[in-house]
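Reader: Hi, I'm new to this one. Please pick a single part and walk me through it closely.

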Amino acid sequence: MAMQSNSTIAVAVDSETLLRVIATAADALYVVDREGFVRFLNPAAAGILGYVDPADLVGRPSHTTIHYKHADGSAFPVEDCPMLRVRTTGETLHVEEDWFVRRDGSLVPVAYSSAPFPDGDGWGTVITFRDLTERRRLDEAARREALERAHAEEVRRSRRRIAEASDAARKRIERNIHDGAQQRLIAVSLRLEEARAAARDDPDSTTAVIDSARRQLRLALEELRELARGIHPTVLTTRGLGPAVRSMARRSSVPVDLDLRLQGDRRLPLAVEACAYFVIAEALTNVQRHARASQVTIRLEESAESVSFSIVDDGVGGASIGPGSGLSGARDRVDAAGGTLVVDSPTAGPTVITASLPIAVPVTG
Amino acid sequence: MEPSAPNALRVVLADDSALIREGVARLLGAAGMEVVAETHDTVGLLAAVQREHPDVAIVDIRMPPTFALEGLEAAHRIRANQPSTAVLLLSTYVVVEDAMDLLSSSSGGVGYLLKDNVSNADEFVAAVRRVAAGGTAIDSSLVTELFSRQRRLDPLAQLTPRERDVLALMAQGRSNAGIAGELWVTEGSVEKYVKSVLGKLGIEPDHHDHRRVLAVLTYLENR
């Protein structure tokens with residue numbers, strides 16, 4: 001049996017030498033007798049457990065002194081303790097991670113082995129253990145570093161997506177101005193030239209030509225106004241999120257039920273208002289384009305710390321945050337604002353998009 | 001330009017764009033009105049209004065220094081301190097809240113028009129005259145936007161096309177006589193339409209035109 005070889009070593013050196021060896025050992029060691037009391041501990045064990053004088057622990061019940069609670073502070077009943085059960089099973093036990101209680105009540109993470117040894121007509125146990133504090137600290141640091149690396153990578157990716165989305169939006173705006181307002185204004189210019197000639201040669205037709213030019217101008221103005229609104233609606237700047245969302249709802253082709261729970265006329269930081277506005281706009285655009293919904297409900301609620309909102313439609317569902325999709329851009333915006341966005345859209349619907357943004361925007365690296 | 005008639009409406013213009021001021025001034029001049037002062041900001045506007053006591057101040061809502069709601073704030077001050085001067089606000093965008101803000105602070109003598117529509121000379125000049133006479137003028141685009149809001153159970157669906165026309169004109173601030181002229185019907189018929197529309201929608205009838213505008217717009221906004 002295992003303890004027989006142990007005692008063989010014990011008799012191979014004189015007890016004075018043995019005690020010196022144990023006292024010098026880097027690993028902590030203590031001995032519990034068959035009654036469960038601490039009989040001996042080496043300086044390494046006393047150091048880890050916070051006893052200046054090892055004698056203060058000797059003679060105390062082992063479990064109820066150094067092993068009586070779990071990491072979460074809950075009680076650790078002695079009858080559940082495998083360490084002392086060694087005294088009845090006679091089998092050596094290795095535990096990779098557990099917690100011992102220091103003299104001041106604080107917990108110390110340890111790895112230990114508990115090995116039985118004969119004590120009179122029963123079994124005591126020899127416990128060797130190591131303080132895991134440093135290892136845990138390193139593990140934790142490595143874990144955090146990996147997490148930060150992953151986060152930094154995601155931030156880089158999301159920055160790239162935001163930059164790409166911004167480039168794409170600029171291209172779209174340029175295209176719209178070119179195809180719309182610019183062409184119309186050129187047409188107006190041509191019509192006016194025509195009117196100038198008509199005024200000289202055929203005064204009666206001048207009015208008709210000018211009227212046509214004015215119609216083109218009116219359309220150009222409307223297009224420019226819509227474009228400017230899409231870039232950044234004035235009402236968001238001057239009146240805030242609630243009025244801007246009300247205006248958006250009025251213009252929706254799908255009927256919108258609004259549930260706005262705003263705190264009076266309180267204004268939020270501009271970045272928060274813009275983020276909420278454009279995410280709601282993106283969600284509503286999605287509903288109008290793809291959902292085939294008969295109704296959409298926009299809920300918006302402010303608290304002291306956050307603004308949360310949801311867009312729920314009764315359409316066909318199946319919306320997702322695909323790469324390059326509008327919702328992906330919305331997610332990036334929300335991430336950049338330190339918030340959360342969740343899309344729940346089972347096949348056959350309903351689609352529920354919920355988001356929450358902190359009002360005090362955290363400074364992130 | 002011909003000299004204005006002695007009883008011509010006297011107008012102060014405030015807009016930070018000299019191009020717009022010039023265009024509007026020409027248009028008003030052609031309609032026989034007299035532009036007594038032009039200014040590019042609210043400080044100049046308030047001073048000119050105090051000095052000239054004009055019949056109407058035509059004010060761009062967005063002016064220096066912040067280009068937000070300077071014109072609206074100036075409108076409130078003018079209406080509070082000098083009620084004999086009517087205020088017509090011009091805006092590039094239809095913002096319902098701005099229009100309601102202006103209307104609810106006054107009992108008439110105010111108007112809210114989209115800048116685009118200023119080039120509709122006849123309508124613009126009519127709106128200037130209406131507010132100068134203590135009436136109310138709301139841009140038809142704002143009313144159209146309120147009408148166009150989609151509702152699943154739309155109470156406006158119970159109105160006949162003619163009743164919808166009457167409702168839209170009421171929302172623009174037209175009097176019964178004005179609506180009658182616009183729709184080529186008698187004032188008596190307009191009264192019947194108005195009664196029917198307000199009854200169907202559950203809006204409290206009000207013989208005061210300005211309060212009627214407010215009630216109708218509030219209804220349309222919240223339906």
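Author: Let's start with helix 11 of chain A, residues 326–336, which lies across strand 9 and strand 10 of chain A and runs at about 155 degrees to strand 9. Helices (H or I, at least four residues) and strands (E, at least two) are DSSP runs, numbered from the N terminus; angles, from 0 to 180 degrees, are between N-to-C directions of axes fitted to C-alpha atoms, for helices over the stretch in contact. This is a predicted model, where local features need pLDDT of at least 70, side-chain atom pairs count only at 80 or more, and totals for chains, interfaces and linings use all residues. Residues are numbered from 1 along each chain, chains are lettered from A and ligands numbered from 1 as written, and side-chain values use heavy atoms, without hydrogens and water.

Now the sheet itself: five strands of chain A form an open sheet in the order 6-7-8-10-9, with mixed pairing (a pair needs at least two DSSP bridges). Strand 6 (256–261) and strand 9 (340–344) of chain A sit at the edges with a single partner strand each, so one side of each lacks a neighbour in the sheet. From one strand to the next, the twist averages 10 degrees.

Helix 10 of chain A, residues 270–291, packs on this sheet too, touching strands 6, 7, 8, 9 and 10 of chain A (contact means heavy atoms within 4.5 Å). Its direction makes about 5 degrees with that of strand 8 of chain A.

As for confidence, chain A averages a pLDDT of 88, and 95% of its residues score at least 70 (the predictor's confidence in each residue, from 0 to 100).
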